[in-house]
Amino acid sequence: MHMQTMRSCLADSERQGPVMLPEMQTVHMGQRQEGGGKMMKYQKMVAGALNLADLANILNTIRDELDDITIDQVVDVCNLPVYGGNDPKNTTEVWSWDAENILVDNNGQNKWGLMKRCPICGEAPFHCKH
Ligand SMILES: [Zn+2]
């Protein structure tokens, strides 16, 4: 089972450590000035997500509202909140997680959704080796 495209924010080694540092979230998002107001609104929505399923719903809502810009321009998808559980070792195409699920961006359907983590190794099913 594989995603259609390969995307990754950072090498896994860079993904460790504190996840949410507010002053670091906006670093690369200033390119599009017209996205500024929306960015604040959508970042707040993301920060207010109650759990992983809620986060997926919020991201889908945001994507549905956007027309001329992509979600990457209004939400720092590389610094989404996480909801417990151990960090997966391989976070390629894994955008957030909780103890049992990971958040994936299903490009084929243009929808964010959840997938079960492997109960043995905790990795994404498409990264699991057994
Ligand atoms: Zn596994």
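Residue numbers start from 1 along each chain, following the sequence as written. Because the model is predicted, local features need pLDDT of at least 70 and side-chain atom pairs count only at pLDDT 80 or more, while totals for chains, interfaces and linings use all residues.

**View 1**
Helices (H or I, at least four residues) and strands (E, at least two) are DSSP runs, numbered from the N terminus. Strands pair if DSSP finds at least two bridges between them. β1 (96-97) and β2 run antiparallel, joined by 2 bridges. The two form a hairpin, with 3 residues between them. On the other pairing, 6 bridges join β2 to β3 (residues 111-116), again antiparallel. L103 takes part in both pairings: it is the bridge partner of S96 and stands opposite L114 in β3.

**View 1. The largest nonpolar core.**
A nonpolar core is a set of buried Ala, Val, Leu, Ile, Met, Phe, Trp, Tyr and Cys residues joined through C-beta atoms within 7 Å. The largest one here has 18 residues. L55, A56, V94, I102 and L103 touch the most other members. α1 (36-47), α2 and β2 each give two or more residues to this core. The largest share, 4 residues, comes from α2.

Contact means C-beta atoms, placed from the backbone, within 7 Å. Leaving out residues up to four places away in sequence, V94 touches P88, I102, V104 and A124. E93 lies in the loop between α2 and β1. E93 is buried because 21 other C-beta atoms lie within 10 Å. Its backbone deserves a look: E93 has a positive phi of about 65° although it is not a glycine. Most residues other than glycine have a negative phi.

**View 2. N86 in the α2–β1 loop.**
N86 lies in the loop between α2 (52-65) and β1. N86 has 9 C-beta neighbours inside 10 Å, so it counts as exposed (12 or fewer). E100 is 14 residues from N86 in sequence. In space the two are 9.7 Å apart, C-alpha to C-alpha. The loop thus holds both an exposed residue, N86, and a buried one, E93.

How values were computed:
Buried ≥ 20, exposed ≤ 12 C-beta atoms within 10 Å, placed from the backbone. Contact = placed C-beta atoms within 7 Å.
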